[in-house]
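This report describes the fold, the core, the surface and a few selected residues of one protein.

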Amino acid sequence: MRFDLTMKKFIQGMLVVAILLDITYWTIWFTNRDWIASEHTQAYYDFENAFPLADLWLGVACLLALITLRAGKPSALLWLLCSGSAGLYLFAMDFLYDVENGIFTKGGGGAFEAVIVALTLFFSVTVLTWSWRHRGELLSGDTP
């Protein structure tokens, strides 16, 4: 299976967007969390405050995936799989908490949270599926 350049660029774009969203979310969270908070309870703040390190890992994995994919390095497969799996794990944690605590039904903050959760799932499944389907080309460095 040969690379579809359009899809490769789409994957690269998704990696850039993931990095920018990660940075933007945490900048807002630590400077003006009322803009994005779905709830204003200590339990919710404690839950969200457990994520920065995991999201930092996601951001680093996405950055390394982007760099190695653009350079045509075989290690791109590793970093793409790390990015997709980190995103899927974060999706699962966020989704379960939000469902158990009715977050999605809490106004604009809940809607914002639903968008983040949906984007995380889409990103993760897309990156994992594309990477695995193109593992041969990625490992051989045979990328246009």
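Buried means under 20% relative accessible area, exposed means over 50%, and partly exposed lies in between, with a 1.4 Å probe and protein chains only. The model is predicted: local features need pLDDT of at least 70, side-chain atom pairs count only at pLDDT 80 or more, and totals for chains, interfaces and linings use all residues. Residues are numbered from 1 along each chain as its sequence is written, and side-chain values use heavy atoms, with hydrogens and water left out.

## Overall fold

The protein has six helices and zero strands. Helices (H or I, at least four residues) and strands (E, at least two) are DSSP runs, numbered from the N terminus. In sequence order the pattern is α-α-α-α-α-α. The C-alpha trace spans about 50 × 25 × 20 Å along its principal axes. Of the 144 residues, 43% count as buried. A contact is defined by heavy atoms within 4.5 Å. Among contacts between residues at least 6 apart in sequence, 69% join residues at least 24 apart.

The protein exposes about 7700 Å², of which carbon and sulfur atoms supply 70%. Accessible areas come from the Shrake-Rupley method with a 1.4 Å probe; for residues, only the protein chains shown count as cover.

## Core

A nonpolar core is a set of buried Ala, Val, Leu, Ile, Met, Phe, Trp, Tyr and Cys residues joined through side-chain atoms within 4.5 Å. The largest one holds 34 residues, and L15, W29, Y44, L80 and F123 touch the most other members. At least two residues of this core come from each of α1, α2 (42-48), α3, α4 and α5. The largest share, nine residues, is from α1. In soluble globular proteins, nonpolar side chains tend to be buried together.

Not counting residues up to four places away in sequence, W29 touches I36, A37, Y44, Y45, E48 and N49.

## Helix α3

Helix α3 covers residues 52-71, 20 residues in total, and reaches 28 Å from its first C-alpha to its last, close to the 28 Å expected at 1.5 Å a residue. The expected span is 1.5 Å times one less than the number of residues. The buried residues of α3 are D55, L58, G59, A61, C62, A65, L66, T68 and L69. They pack against α1 (5-32), α4 (76-100), α5 (107-133) and α6 (135-140). After α3 comes G72, which has a positive phi near 70°.

T68 belongs to α3. Beyond four places in sequence, T68 touches K73, S75, A76 and W79. T68 and G141 are 73 residues apart in sequence, yet 9.9 Å separates their C-alpha atoms.

Q12, in α1, is in contact with L66, L69 and R70, leaving aside its neighbours within four places in sequence.

V117 and L119 are both placed in α5, but V117 counts as buried while L119 is partly exposed. Leaving aside neighbours within four places in sequence, V117 is in contact with F91, D94, F95, D98 and F104. V117 and M93 are 24 residues apart in sequence and 9.8 Å apart in space, C-alpha to C-alpha.

What does L119 form together with V17, L21 and V115? These residues make a nonpolar patch on the surface, with about 340 Å² of accessible area together. The elements that give two or more residues to this patch are α1 and α5. Patches are made of residues with over 30% relative accessible area and no salt bridge: like charges are joined within 9 Å, nonpolar side chains (Val, Leu, Ile, Met, Phe, Trp, Tyr) within 5 Å.

## Salt bridge

A salt bridge is a side-chain nitrogen of Lys or Arg within 4 Å of a carboxyl oxygen of Asp or Glu. A search of the whole structure finds one. It joins the side chains of K106 and E39 at 2.5 Å, N to O. The pair links distant parts of the chain, 67 residues apart: K106 is in the loop between α4 and α5, and E39 in the loop between α1 and α2.

## Accessibility of selected residues

| Residue | Relative accessible area | Class |
|---|---|---|
| V117 | 4% | buried |
| T68 | 7% | buried |
| Q12 | 11% | buried |
| E39 | 14% | buried |
| K106 | 33% | partly exposed |
| L119 | 44% | partly exposed |
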